[in-house]
Amino acid sequence: MSSELHTEVEPEEVPPSSPWLGRERLAGLSLVGLGLLALWASSDLPFASEFGVSSGLVPRLLSLIILGLGLLQIYFSWRDPGPSTGSWRMHTMLPVVAAVILFAITIRGYEFGPVHVPELGLLVATPLAVVVSGLAAKDSKLPELLLFAAVLTIFCVGLFRYALGLSLPVAPWLIGY
Amino acid sequence: MWDTISNLAFGLSIALTLKNVFFCFVGCLVGTLVGVLPGVGPVATIAILLPVTLSLDPTGALIMLAGIYYGAQYGGSTTAILVNIPGEATAVVTALDGHQMARKGQAGLALGLAAIGSFFAGTVATIMIAAVAGPMTSLGLLFGPAEYFSLMIMGLIFAVVLAHGSLNKAVAMILFGVLLSTVGADMETGRERMTFGLEMLTDGIDFVVIAMGIFGFGEIFKNLADPEPRSIMRNAIGRLWPSLKELRENFPAMVRGTAIGSILGVLPGNGAILGPFASYAVEKRISDRPQDFGKGVPQAVAGPESANNAGAQTSFIPLLTLGLPPNAVMALMVGAMMIQGIVPGPQVIERSPDLFWGLVASMWIGNLMLVIINLPLIGLWVKLLQVPYRLLFPAIVAFCCIGLFSISSEPGHVMMAALFGLLGYVLYKLQFEAAPLALGFVLGRLLEEKLRQALIISDGSPLTFVTSPLSLGLLLVAAAALALAVLPSIRKSRDEVFKDA
């Protein structure tokens, strides 16, 4: 990729505050973590059976290789740990994650412990997902977003339920399906 | 030769029915839309539209999905030229000289050359698919579990070699993908593997969840955290059709691009993405004014654009003839075929010739349609670019949620996709490529199945992979490719292909 494309799209690269926070070093650490997690998760599986391969062979072999690749990656990053990964700005995506969860628990109803969410259907879940996720934009405007959510909901219900005939709950509390 | 023609004619008779032309048209239109809008890739779109195809017949469904794929390649270059934002990964190269041409007031010429190059490449690629389909399928029918296993190993190694960036990280991503595919009930014993006792993992992870999570939600997370600047082109677009002289100057580049793209497209992994990069490098090397590259050279648009479209199409070859998807989009095509009760593999051409030839012929019709519908509609696409992202992404979120839920009726899957979205963001931050992960996941289940089948047949002897000459040959090719990739001199020139562009 050309340098001019890089400067336009990607933020400037700065060295990390600690070598262990460099991008390449972090990549290696993540792989080691993944390998260990998978090794632990597959530890209850039988390794070999009389037929040769059993359910545990492939997962455990993969975990070990990933672990090894992670160590190799850390070794590669020893001299140059890579630039800082910058600010992760995870807060920017929170509304979107919340929107997806809200959609998931309202579309068909959900129960966890004492909380009981009724089946609200597309008519509620869609605008909820649109408005809540829309709040993630820095330049979001609520009136515009509400109007957009209403239009989009009508469009989605019309398209998915009526035009395509998918059996999605529309509004069980209002029209029974 | 005669066979190829009569097969294509048979395909055309199916693809040209009113219904199938309509599906092809819808696919191309949706695909172009997706390609034009930044932040919505073909993988996420095809995943969203997968439930839609439930109500269609298999041929129509696949024709539409294929249309989305190559339509998106095409739309991606429109944005690359007009706004310098490659809508698709394959359009990165087009943005270099295409946007410079647009700045010089030659946007129309760049768009016109891209369209003609794509159409030419599409035509050649269609004929190529038709010509190699027969031999490839007969080869595929000779394959037993051991040969399939070795073929997939070779494919994955090619994917690593062709991935750009760190070799080590690409291997890790492929293996991560394979690892994810082993989650869920064991195929032989039904024993739960690595489910952490979670009920929603018992049946394994659906590829659609990964696709929408990483390529749909992940993309949104990335754009929210690191917004990309967008500059709409204010210059006039100018004349669209190139003059005869310009066409003559650029036609050789189109031919070279088509050849490079067609060959690389068949390769698994980044093959189709590598095509435009390689074509750009070649054009630059043989040009008498290489110093002008990057400042708006028409050949630097015509060549890569042809390569891009040729590769998109020839990547159907491994899927249609061997049943092996070479990339994430093709993996979703496998999903679409399975929904319709068609098991992809060498037997498809025999059992459902109308589907096979209809699909191949529809690609040519689709390419023709793209030229006809897109050039006049460019004004509309430019308008679409002005849709603010603050409204675009909530709509994508809603579509992804509805798509995910309608496939499985399982709220847990919708949430799982959000988790994969976060994973996609982490991968982006740490500069891991998501494409090898998707490929590893797709081939993973098949890989383990064939491995175990082969070992059962051979009574547990791993020698079975080297005693079959076909399998041994494939493994040797894979080893050679890997050895070449690790050699410092080759690695350097491989990096140069990407650096040049």
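Modeller: The model is a predicted one, with an ipTM of 0.90 and a pTM of 0.88. Of the 177 residues in chain A, 36% are buried. Taking the contacts within chain A between residues at least 6 apart in sequence, 66% join residues at least 24 apart.

Now the side you asked about. In chain A, 61 residues are in contact with 55 residues of chain B. Six elements of chain A each give two or more residues to that side: the helices α2 (23–41), α3 (57–76), α4 (94–107), α5 (122–134) and α6 (142–163), together with the strand β2 (52–53). The largest share belongs to α3(A), with 10 residues. Sorted by class, the side of chain A that touches chain B holds 43 nonpolar residues, 14 polar ones and 4 charged ones.

Across the interface, the partner also deserves a description. Chain B has a mean pLDDT of 86, and 94% of its residues score at least 70. Where pLDDT is low, the coordinates of a prediction should not be read in detail.

Helix α7 (residues 145–162) of chain B packs against helix α19 (residues 434–457) of chain B at an angle of about 155°, and their axes are 8 Å apart. Angles over 145 degrees count as roughly antiparallel, and α7(B) and α19(B) are therefore roughly antiparallel to each other. The crossing of α7(B) past α19(B) is left-handed. On the α7(B) side, the contact is made by P145(B), A146(B), Y148(B), F149(B), M152(B), G155(B), L156(B), A159(B) and V160(B). From α19(B), the residues taking part include P436(B), L439(B), G440(B), L443(B), L446(B), L447(B), K450(B) and L451(B), and also Q453(B), A454(B) and I457(B). By class, the residues of this contact between α7(B) and α19(B) are 16 nonpolar, 3 polar and 1 charged.

To return to your request, the side of chain A that touches chain B draws its largest share from α3(A), and its class counts are 43 nonpolar, 14 polar and 4 charged.

Note on methods:
Residues numbered from 1 in each chain as written. Chains lettered and ligands numbered in written order. Predicted model: local features only at pLDDT ≥ 70, side-chain atom pairs only at ≥ 80, totals over all residues. Contact = placed C-beta atoms within 7 Å. Helix = DSSP H or I, 4+ residues; strand = E, 2+ residues; numbered from the N terminus. Nonpolar A, V, L, I, M, F, W, Y, C, P; charged D, E, K, R; others polar. Buried ≥ 20, exposed ≤ 12 C-beta atoms within 10 Å, placed from the backbone. Axes fitted to C-alpha atoms, helices over the stretch in contact; angles between N-to-C directions. Parallel < 35°, antiparallel > 145°, perpendicular 65-115°, else oblique. Left-handed = near helix turned anticlockwise from the far one by under 90°. pLDDT = per-residue confidence, 0-100.
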